[in-house]
Structures are given as C-alpha cells and as structure tokens.
Amino acid sequence: MINKLPEEFVACILGDSSIPDPQGLLDELASGNPCVAIRHNRLKGSRPADGADLVPWCNRGEYLAERPQFTFDPHLHQGLYYVQDASSMALAAVIESLGLDRPVQYLDCCAAPGGKTTAAIDALPAGSFIVANEAEPARAAALDENLMRWGYPDVAITVGPAQRLGRLPEGCFDVIGADVPCSGEGMMRKDPKAIEQWNPGLVESCARLQRDILSAVWPLLRPGGYMIYSTCTFAAAEDENQVRWLADEFGAEVMELPPMPGVVNGHFFPHLVRGEGLFMALLRKPGESVRPARRLTEKDLAKATKLLRYGSIDTEPKGRDVIPSHAAAQRYDFDASKWPQAEVDRPAALQFLHRDAITLPEGTPRGLTLLTYDGRPLGWVNNLGSRANNLLPRNLRILSR
C-alpha cells in the first residue's frame, strides 16, 4: 500500500535541512511497509531465540519477518512479550545508560498502551515503584491490562490529564518518562489516520499541550533526577524547541543519549533505522538530592487524581470465598507450585482465552486449578469434575476466532 502524504507536510520535510536525505524519508513514509518487532519480558525469563534478528539498541527486542496473528498466541496473553515498535524500545537503553544502582520512583506521565512503561520496568533497578498515568479512561483500561500481563506488582495506574499530577509533592520522582501526545508524523508509514489528521494547526496545538504537561510534571522531578522526553514526530516545534524551552525555562541540562546505530540527534528516521519515526531527548534537573524520592502512597495519588489501581490486586471475591486473581497468576514472582495445575495444549489454551468451557486431563484434582501453557501460568478454572468453570475475567477474553 502506497500512502499519499499531505502536500504541506511534504514541503515541511523537504525544507528541513537537518534531515538527512529528506526525500528518502518521504519515500519510506509513503511505502506503507512498517517493520514488526516484539520485546521479550526479562522478568519472566523470556528472551529471543539464538540467531534471532535483534533490535540493535535492545537485546530483548526482536524483528519478525512478518506480522503474525498475535491475538491467537497464548504467549502474548501470558505476558512473555510485548508487540512494540523497535524505535520505542530505545527507552530501555536510555534508562540503562543512567547507571541507576538502587530502586527509584518512576513516572510515566502519558503511559497508554503501556509499551514504554513495560520497557522502563525491565530497565529499572529491582524494587522500583512505577506510576503510570493515562488521560483517557478507555486507554487507561488497556494500559491496566498490559501492565497486569507484564506481571510487575509495584505499579500504580492513574487516570486523568497529566497536569493533575502537578498536585503531587515536588521532587517525588527520580525519573520521569514523558512520551507526550504529538502530531504523529512518525507513524505515517504504519497508520493512515496519522496522515488523515495531520495539518500545521495540529502541530501547534500539540506543542502547546506538551508545554502544559511539561510545566506540570517538571517540578515533580527531584534535583539530580532525569526526564526522558519523546515524541513520534519530526517537527522541531514538538522536538528540539521543547527541549530548548525546558533548558531555558527550568535550567534543564541536556544530556547525551547512548550511541544507537542510525540515530541522528535524537531522531529515529524510518529510512535510516528499522523502526518508526521517533524523537528522544535525555534531560537532567540541576542540583543533587542525597536521598531517592520517597514512595508515593495510595492516599497521595488518590488526592491528586483518579487512582485506577495501586499495586497488584492478588485476590478477588468468588461467592463466599476469596480466591487468587488472574493478576496474581500473571505476576512474574507468582509461586505456582502451591496450586493444583493442569498443562494444556494450544487449542485448549485458546478455548480458555475465548472463555469457553474446558475439559481437563483425567485425574486433575477438583477445585481451583491453575492452567499452564508451555509450563507457564495461563489462568484459573474451577474444576467440578464433569466440567471446569472458566474464571478468565470477561474483559480479557478473545472475541474473534
């Protein structure tokens, strides 16, 4: 499929002398041929196979030759990998370059659907606490599902404009990820909506919104803390100009990114790297704090904005009983050995994910049973003997067949 790019956008790109081979960039965006990549979950011990086509800046990232039907892969639902654009995986490399040696408090202020949040989780020191915020409730629900599958328990999910987070105490985060809303120019190769919605006014309105968000969250960064700013656009008004504004307005120190092949001044251009368009910058807040930021409490977050979840919800009511939740089985540190288990094959796993009735192997004990697939937790059923009630939450079921 060949994309027809907006004429004004074409003129902007051709007139930007900072872009190497601007016509090559336009040709690539018009190709409609994005690459496909996944990032394996370090916490769950998932890794690319020997000989995999690795993403150069992420040793857990793997390029795929074609796009499979991910929905029908039980491993996706077990949180063993995340489908993510390769350029976006660079966040993990940037965090790892900081040399953090103790748990930190991390804010992802524009987090849905969760790709960069899960990348941050894998790169941060063990025991770090993550606050993932999303403005739109529907997108926040998807964020919650994706983080639940990833299986890291020390996460809070908040819902509302990022500006509300400015009500939190100053200096309460050690690192902030600000993947702010943008005009989406870098997504034109893979998303026709990015082409349809583009106009110069969108760039200007996004730039204003970005400054509103940055003004609200910059005070939340402790002295000596880091902000990782990113967009999926090429426009200087949303990229370099915002970095310059942070430096002029707040004294932010612009730091060098770790070396990544093909990246030019923080820009991931699709004709130079195998990934979609992205801009990334690393900034440090002047000064130094002797102690890391304290962990925010549930009360702290609930006073500032709407709190969707605080930590891992490991139990749920079932009639008069309390049973382990689906989220508990998805935790990377879940001890499955304490429960009766039934290993299922792929067809049975997909039956479970459709929320259909399951027939368990002969001799499976009655009662609450953990289904496993490839030796890893998949979810719960209640074995009644003649049949097993499927306990997969309704919102997680696969709707297509």
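Start by selecting R284, which sits in strand β12 (residues 278-284). Strands here are DSSP runs of E with at least two residues, helices are runs of H or I with at least four residues, and both are numbered from the N terminus. You are looking at a predicted model, in which local features need pLDDT of at least 70, side-chain atom pairs count only at pLDDT 80 or more, and totals for chains, interfaces and linings use all residues. Residues are numbered from 1 along each chain as its sequence is written, and side-chain values use heavy atoms, with hydrogens and water left out.

**Stop 1: around R284**

Is R284 buried or exposed? R284 is buried, with a relative accessible area of 13%. Buried means under 20% relative accessible area, exposed means over 50%, and partly exposed is in between (1.4 Å probe, protein chains only).

Now show the side chain of R284. One of its polar atoms lies 2.9 Å from the backbone oxygen of G287. The side chains of R284 and E288 are joined by a polar contact of 2.7 Å. A polar contact is a pair of N or O atoms within 3.5 Å; within protein, one must be able to donate a hydrogen and the other to accept it, and residues adjacent in sequence count only if both atoms are side-chain atoms.

Next, select what R284 touches, not counting residues up to four places away in sequence: W218, G224, G225, Y226, A252, E253 and M255. Contact means heavy atoms within 4.5 Å.

**Stop 2: strand β9**

Y226 leads you to β9; V175 stands opposite Y226 there. Select residues 221-231 to see the whole of strand β9. Of its 11 residues, 10 are buried, so β9 is largely enclosed by the rest of the structure.

Look at its partners. Strand β8 (residues 173-179) runs parallel to β9, with six bridges between them. β12 runs antiparallel to β9, again with six bridges. Two strands pair if DSSP finds at least two bridges between them. Pick I228 and find its bridge partner in β12, L282.

**Stop 3: an open sheet**

Move to the open sheet of four strands, in the order β16-β17-β18-β19, with mixed pairing. β16 (341-343) and β19 (388-390) are the edge strands, each pairing on one side only. The twist averages 40° from one strand to the next.

Zoom in on β18 (residues 376-383), which is antiparallel to β19 and joined to it by three bridges. N383 stands opposite A388 in β19. α12 lies across β17 (367-373), β18 and β19, at about 65° to β18. Axes are lines fitted to C-alpha atoms, for helices over the stretch in contact, and angles run from 0 to 180 degrees between N-to-C directions.

**Stop 4**

Select helix α5 (residues 115-123), where nine of nine residues are buried.

**Stop 4: R211**

Finish in helix α8 (residues 200-217), at R211. R211 counts as partly exposed, at 31% relative accessibility. Leaving aside neighbours within four places in sequence, R211 is in contact with N241, Q242 and W245. Then pick A140: A140 and R211 are 71 residues apart in sequence and 22 Å apart in space, C-alpha to C-alpha.
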